[in-house]
Amino acid sequence: MNDQAGRRRARRLAIGTVVVLALAGMNGPWLYRFGTEKYHQYQINKPEYKAENGKWEVVEFPEEYRQNTIHAALLRTGKVLLVAGSGNNQDNFDAKKFDTRIWDPVKGTIKKVPTPSDLFCTGHTQLANGNLLIAGGTKRYEKLKGDVTKAGGLMIVHNENPDKPITLPAGTKFTGKENGMTFVSKDSIIVPRAKKNFDKATGKFLGNTPGIYRVYVEAQKSGEKYATGTQDNYRIQGLSGTDARNTYGIAQKLALDKKDFQGIRDAYEFDPVAERYIKVDPMNEARWYPTLTTLSDGKILSVSGLDDIGQLVPGKNEVFDPKTKKWTYLDKVRQFPTYPALFLMQNGKVFYSGSNAGYGPDNVGRDPGIWDVDSNKFTKLPGLSDPKLMETSGTVLLPPAQDEKFMVVGGGGVGESAQSSNKTRIIDLKADNPKFVDGPTLEKGTRYPSSSILPDDTVLVSGGSEDYRGRGDSNILQARLYHPDTNTFEEVADPLVGRNYHSGSLLLPDGRVMFFGSDSLYSDKANTKPGKFEQRIEIYTPPYLYRDSRPSLSGGPQTIERGDSGTFTSQHASTIKKVRLIRPSASTHVTDVDQRSIALDYKVSGDKITVTVPKNKNLVQSGWYMLFVDDDQGTPSKAQWVKVP
């Protein structure tokens, strides 16, 4: 914490102590609580307080428009897309009640949007045309062990015929050769043909490698007696002749264990002008909790997630071509936990910070590093503190993006661990030998922290909880501004609403920050009362918007090519000290790989500001951006929307 923040905190405590002592001597506990709260409201609404600390305000939608928001993205229209899908609510899922809202934070209007699939725990990213690509979601909710009535699990279907694939409809029956039990498939599948193998040197035939496909199967009847304890081979009913000989299933134990969520293949573009979902080709893999990241060639990488049988996708990553609207597999596999934080670097490679949302083995794909997607080479990066506490941590590309410095914030232990980290870790990827070093510590161990880049080059870090999903009433009602130039945190006003699992934040075009979601497991310290999803939005207005004035910005082109310039008008042009191009956020599960703030060179002449966009396509990805100018006090303008083709 810097000296200024320290003095501010001391001043706050001193004032608070005087009030506490005065009121305590008057009329006991009730008046004490009433008086301190009233005085607190008076204090935080004073102009001088807001000018130093900012202000938080709660936005509560009319009841008919409320939803359990899981995903939020800023659209190029300035409106915010709020996606719930079934909203982590089994009743909604069973009723196929899937929700999406569009909220205009300026006008305050809210609109319901028809939602075609359960986009709960989907992946998303901004596209070059201004649409939002959305892929994956929920096929089935998890079932805890005590709720599972039919034994089931993974069946791997083999096809040894090299001449043709085999199609098996949903409801296909598999009967064990040893155990004699029959299980039924939940989905239709196509098992690829076997691959013929030859010795390249001699041309000698070496045999076939069976084609395989995985499918979820379930016992025909309920009860423990229909569970299996060991591996078995399964013949497939309905097949005959060579098909019956060449096609079979193999399964490990099929039991009444906990069944995880299952993903879907569905993919859509959301059109912010028409305000509707547009279906595109589905992914090759079903994914629940995937990350979508733009690559150097403009295609979109889809990574990780739980598949349609509830298992972690086995490293089969794929890319979406926005031109053809088709998905293709990468040549080689690489496995990550779900919602991995993946960022395109200026050299075209992908940085993985180690942040993730949790599903997956604790020893697979968790080390941070640099991934060359083309060659599949992965170079691990050293120095990460609390490396076993990276689940539910947040990662942000520090401003300006040209510096290629990242900060990893907080995190927790694997699964439902009560452990959390108070560390921030910073890495400079432009260094000769990049390694993580510790930044300023957080006051508390923090899972689910939200981090949003502001136009003045600070980063707002807020919320989270000390324990898994806010257990033990552990939400953290604190906010800090991180200053990259001094590597310090500055204490600012405290948020009014706790935020943990299923929460996030994003920067608005007027320079404020929006916070959404929170899905506490319990609502009390004793962990006896079920939690309630937080449906309220909260807006933080930073201190820079409580100054006397802010610079104006108008006119100028709507499109600027990389390497080209555009001229805008400002009555305060002579006071401008920096220009930033900020990519709009698409946030979920404290994962936002889209946001980045790019410094622009500029020249001032009279009331004109001419800005130049860098040439590097990996630094400035194609798409729509918010253009801000900051004056000599650090006060930003309202954003102008600019497209970089």
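## Paired strands

Two strands count as paired here if DSSP finds at least two bridges between them, and the strands themselves are DSSP runs (E, at least two residues), numbered from the N terminus. Take Tyr602: its bridge partner in S46 is Val611. S45 and S46 run antiparallel and share 5 bridges.

A quick word on the ground rules: this is a predicted model, where local features need pLDDT of at least 70, side-chain atom pairs count only at pLDDT 80 or more, and totals for chains, interfaces and linings use all residues. Residues are numbered from 1 along each chain as its sequence is written, and side-chain values use heavy atoms, with hydrogens and water left out.

## Two open sheets

S45 and S46 belong to an open sheet of 3 strands, ordered S41-S46-S45 with antiparallel pairing. Strand S41 (565-569) and strand S45 (601-605) sit at the edges with a single partner strand each, so one side of each has no neighbour in the sheet. On average, neighbouring strands here are turned by 20° against each other, direction ignored; the axes behind such angles are lines fitted to C-alpha atoms.

Another open sheet has 4 strands in the order S30-S31-S32-S33, again with antiparallel pairing. Its edges are strand S30 (394-397) and strand S33 (436-438); each has a single partner strand, so one side of each is left without a neighbour in the sheet. From one strand to the next, the twist averages 25°. Inside, S31 and strand S32 (residues 424-428) run antiparallel and are joined by 5 bridges, with Phe406 standing opposite Ile427 in S32.

## A hairpin to look at

Strand S36 (residues 479-483) pairs with S37 in the antiparallel sense over 4 bridges, and Tyr482 stands opposite Phe489 in S37. The hairpin has 4 residues between the strands, and Asn487 takes a positive phi near 55°.

In a regular strand, side chains alternate between the two faces of the sheet. In S37 (residues 488-491), Thr488 and Glu490 point one way while Phe489 and Glu491 point the other, and all are buried. Buried means under 20% relative accessible area, with exposed over 50% and partly exposed in between (1.4 Å probe, protein chains only).

## Nonpolar cores

A nonpolar core is a set of buried Ala, Val, Leu, Ile, Met, Phe, Trp, Tyr and Cys residues joined through side-chain atoms within 4.5 Å. The largest one has 35 residues, and those with the most contacts inside it include Phe351, Leu581 and Leu627. Among the elements giving two or more residues to this core are strand S31 (405-409), strand S46 (608-612) and strand S47 (623-631). Apart from it lies another core, of 33 residues, Phe61, Val80, Leu481 and Trp624 among them.

Back to Leu627: leaving aside neighbours within four places in sequence, its contacts (heavy atoms within 4.5 Å) include Leu553, Phe568, Val579 and Val642.

## Rings and charges

Rings of Phe, Tyr and Trp (its six-membered ring) pair if their centres lie within 6.5 Å; planes under 30 degrees apart are stacked, over 60 edge-to-face, and the rest tilted. The count by this rule is 25 aromatic pairs. Phe261 and Trp288 are a stacked one, at 4.3 Å centre to centre with 10° between the planes. These two sit 27 residues apart, linking distant parts of the chain, and both are buried.

Two charges also sit over rings, meaning NZ of Lys or CZ of Arg is within 6 Å of the ring centre and within 35 degrees of the ring normal. Lys112 has its charged end over Tyr65, 5.7 Å from the ring centre, and Arg140 lies over the face of Tyr216 at 4.9 Å.

Methods:
Axes are lines fitted to C-alpha atoms, for helices over the stretch in contact, and angles run from 0 to 180 degrees between N-to-C directions.
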